[in-house]
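My notebook is open and the viewer is running. Here is what I looked up, entry by entry.

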Amino acid sequence: MNKKFAAAVSGGAVLMLVLSGCGGDGEDDSKQKADAWAKKVCDKWEPELTKIKTTNDELKRVATQSNKPEEVQQTDSAAFQSLSDAYKSMGGALTAAGEAPVKDGKSAQDAVVKSYDQISKSYTELKTKIDALDAKDQSKFAEGLQQVAGGLTEVAANETASKQKLESTGLKVIYGQKGCQVTTPATG
């Protein structure tokens, strides 16, 4: 009887090893698929994230160092266009990568893409507002710039919310990829 019990236990142990081995391979396979998907996204995002960082740095520079309305207007207009294009491109890259192979990947991906589209549109609206300001009338320009700054604060909040959406879902797998590790401080 002890031999049968020992055989059953050792047979159970072998079965557990086989099952745990199979489970590990499935997890490794899922992780590999998620990593491959994330790499595809991040390869496309890396230049856009760099553009966002550079553009935000330029916005901060002109906001603190320039008192020439024309320079502020030109810099802000170009920056808003650049940021709009970057977020549109990032949303497109996320869609083009296909459905994320993570839990709730499709719904999370759709939410982030929708958010990026809204951010892109908001930057386009800010560009339109800054372009419409009269840089020759300094007081009116300053007044209009305050409205633009308010819009910029709102867009920055949307950028933060988008990043939180990414971090709270399986899409956070992208942060393990080198191309998605560029720091992108919120504008404001």
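**Entry 1: the disulfide.** I started with the cysteines and found a disulfide joining C42 to C180, S to S 2.0 Å. The rule I used takes a pair of cysteine sulfur atoms within 2.5 Å, and by this rule the count comes to one disulfide. C42 and C180 are both buried (under 20% relative accessible area, with exposed being over 50% and partly exposed in between, using a 1.4 Å probe and protein chains only).

**Ground rules.** This is a predicted model, where local features need pLDDT of at least 70 and side-chain atom pairs count only at pLDDT 80 or more, while totals for chains, interfaces and linings use all residues. Residues are numbered from 1 along each chain as its sequence is written, and side-chain values use heavy atoms, with hydrogens and water left out. Helices are DSSP runs (H or I, at least four residues), numbered from the N terminus.

**Entry 2: the core.** Next I checked the largest nonpolar core, which has 40 residues; W37, W45, F80, Y116, Y123 and I174 touch the most other members. Such a core is a set of buried Ala, Val, Leu, Ile, Met, Phe, Trp, Tyr and Cys residues joined through side-chain atoms within 4.5 Å. α1 (2–65), α2, α3 and α4 (138–167) each supply at least two residues of this core, and α1 gives the most, with ten. I then picked I174: leaving aside its neighbours within four places in sequence, I174 is in contact with W37, A38, V41, C42, W45, L166 and C180 (contact means heavy atoms within 4.5 Å).

**Entry 3: two helices.** How do α3 and α4 run relative to each other? Their axes, lines fitted to C-alpha atoms over the stretch in contact, come within 10 Å and cross at roughly 165°. α3 and α4 are therefore roughly antiparallel (angles over 145 degrees count as that). Residues making the contact include Y116 and Y123 of α3 and L152 and L166 of α4.

Entry 4: D104 lies in the loop between α2 (69–96) and α3 (105–132). Its phi is near 55°, a positive value in a residue other than glycine. Most residues other than glycine have a negative phi. At 51% relative accessibility, D104 counts as exposed.

Key
Axes fitted to C-alpha atoms, helices over the stretch in contact; angles between N-to-C directions. Parallel < 35°, antiparallel > 145°, perpendicular 65-115°, else oblique.
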